[in-house]
Amino acid sequence: MEDTYDFGLVGLGVMGRNFILNVADNGFTAFGHDLDAEKVKALQEEGGDHAKVNASTSIKTFVKALKQPRKIMLLVPAGKIVDSVIESLLPHIDRGDIIIDGGNSFFTDTDRREDYLQAKAINFFGAGVSGGAKGARLGPSIMPGGSKSAYTHIKPIFEAVSAKYKGEPCVAYLGPKSSGNYVKMVHNGIEYGLMQLTSEIYDLLKKVGDFSNQELHEVYSKWNEGRLQSFLVEITSKIFIQKDDLNLSKLGLLDQISDKAKQKGTGKWTSQNAMDLGIPVPSIDIAVSMREISALKVERTAADALYDKPEVKKIDKAELEKMAEEALYFSFIMTYAQGLHQLADASKEYGYNLDIATITKIWRAGCIIRAGLLADITEAFQAEPNLPNLLVSPNFVEKVKGTLASARKLVAHAAQNGIPLPGLTNSLTYFDAYTSERLPLNLIQAQRDFFGSHTYERLDKEGIFHTEWE
């Protein structure tokens with residue numbers, strides 16, 4: 001068994017087990033490791049008589065089973081456990097071996113680990129994997145970053161197991177250092193924004209149009225056949241008609257699910273880092289904030305009893321459905337525009353040398369934010385690689401113009417009727433601010449100089465100025 005397996009994987013939870021079986025299905029031999037004997041057994045049982053896959057609870061047995069240079073992927077929770085696994089591997093691996101972190105590690109942790117292992121002549125990769133458990137089994141989108149030369153050893157395996165879009169693998173070498181983990185982080189930030197937006201439109205259709213769950217299923221299914229085609233719209237259409245297996249009521253399952261949404265941190269990291277870079281991502285920011293507000297269930301319930309809400313003014317179902325589709329499409333564009341703007345600036349700041357068109361290409365299938373819209377976005381960045389923002393692409397100006405009016409009408413209607421639409425509202429505000437030649441921030445410059453002598457710039461003269469205001 002020694003030196004016979006092409007690929008190693010540490011962490012045999014659902015994601016790890018599915019990924020390693022995917023590797024074996026695509027013609028490579030794969031060996032897994034987990035300290036939990038039950039997880040090792042589960043892989044062996046699911047692999048059945050699959051001669052290409054095996055596993056062990058022994059780290060020594062695991063490492064010895066792999067061909068050199070060893071390619072070892074970690075699919076374990078981000079944080080200290082990654083460092084712990086690396087330390088457990090070090091006594092057994094050799095110079096030139098490759099460790100790949102496939103989890104959602106924070107990008108600065110990846111840079112630290114790469115420096116640490118580089119000193120020991122061990123190659124280290126951060127490779128974001130998106131697509132959930134099903135994607136891991138059938139083909140995820142993979143976002144690797146690290147040593148370009150070391151990637152050549154991983155490339156055949158990753159290209160084989162990744163999702164395919166019209167025959168093209170949804171994986172590509174993205175850049176040095178932590179570029180892969182960074183791209184996955186922003187991918188997840190965009191995901192937060194899109195999920196918030198789909199939930200807001202659902203809420204609006206129910207409250208303003210009295211759409212039933214069956215009607216919502218039909219609407220989202222129809223949208224998924226058009227320009228809103230995407231994984232999130234597709235699964236949302238299915239969620240509306242999911243029956244409650246517990247049969248505790250006649251309501252569908254969705255109506256029995258608590259309105260407190262949890263988060264693992266990647267959306268928050270995207271928002272925090274965007275602030276560090278000075279990049280506006282308000283659609284992502286508010287999506288993070290809404291999950292935090294949702295956690296305040298007891299306080300929200302008490303506050304709801306203190307204030308009267310307007311009686312909701314209804315809109316004709318056909319008209320509302322048309323406006324909702326346009327507004328959702330508009331806000332999807334805004335969210336992608338913000339995330340890609342962040343990637344472009346981070347690329348310069350951190351020396352990643354990212355190709356945005358390549359990133360959007362590998363998002364077209366396999367990942368959670370896959371959408372028909374990404375084909376158009378890819379074309380826009382292929383036509384103009386240094387495009388500063390999607391909103392100034394000739395490919396998108398007419399798309400935005402054609403949906404803007406509906407976004408405005410629905411934001412106004414929601415505000416007048418006490419319905420929170422923070423994602424759509426922030427998307428509209430972002431658009432209005434980004435497309436305004438003149439903003440009132442001249443007053444803020446004056447205020448800062450007034451109270452703190454922070455100086456200001458002028459429109460009519462170059463230089464830095466200060467005024468004694470009193």
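Strand β5 (residues 98-101) and strand β6 run parallel and are joined by four bridges; two strands count as paired if DSSP finds at least two bridges between them. The chain crosses from β5 through helix α5 (residues 107-118) to β6 in a right-handed β-α-β crossover. This is a predicted model, in which local features need pLDDT of at least 70, side-chain atom pairs count only at pLDDT 80 or more, and totals for chains, interfaces and linings use all residues. Residues are numbered from 1 along each chain as its sequence is written, and side-chain values use heavy atoms, with hydrogens and water left out.

- Helices (H or I, at least four residues) and strands (E, at least two) are DSSP runs, numbered from the N terminus.
- A crossover is called right-handed if, with the strands pointing away from the viewer, the path from the first strand over the helix to the second runs clockwise.
- Ile100 stands opposite Phe125 in β6.
- Five bridges connect β6 with strand β7 (residues 141-145), and these two run antiparallel.
- Gly128 has Met143 in β7 as its bridge partner.
- Strand β6 (residues 123-130) is largely enclosed by the rest of the structure, because seven of its eight residues are buried (under 20% relative accessible area, with a 1.4 Å probe and protein chains only).

**Ser237**

- Ser237 lies in helix α10 (residues 231-239) and is buried, with a relative accessible area of 5%.
- Leaving aside neighbours within four places in sequence, Ser237 is in contact (heavy atoms within 4.5 Å) with His217, Tyr220 and Ser221.

**Cavities**

- On a 1 Å grid over the protein atoms alone, a cavity is a set of points where a 1.4 Å probe fits but cannot get out, and lining residues have an atom within 4 Å of a point.
- Grid points are joined across faces, edges and corners, and a volume is the space filled by probe spheres set on the points.
- There are two cavities of 30 Å³ or more.
- The largest cavity has a volume of about 50 Å³, and its lining residues include Ile356, Phe381 and Asn389.
- Helix α14 (residues 317-350) gives the largest share of that lining, four residues.
- The second largest cavity has a volume of about 30 Å³.
- Among the residues lining the second largest cavity are Asn104, Lys184 and Trp269.
- Helix α8 gives the most to the lining of the second largest cavity, with three residues.

Terms used. Buried means under 20% relative accessible area, exposed over 50%, partly exposed in between (1.4 Å probe, protein chains only). On a 1 Å grid over the protein atoms alone, a cavity is a set of points where a 1.4 Å probe fits but cannot get out, and a pocket is an open set with protein on both sides within 12 Å along at least five of seven lines; lining residues have an atom within 4 Å of a point.
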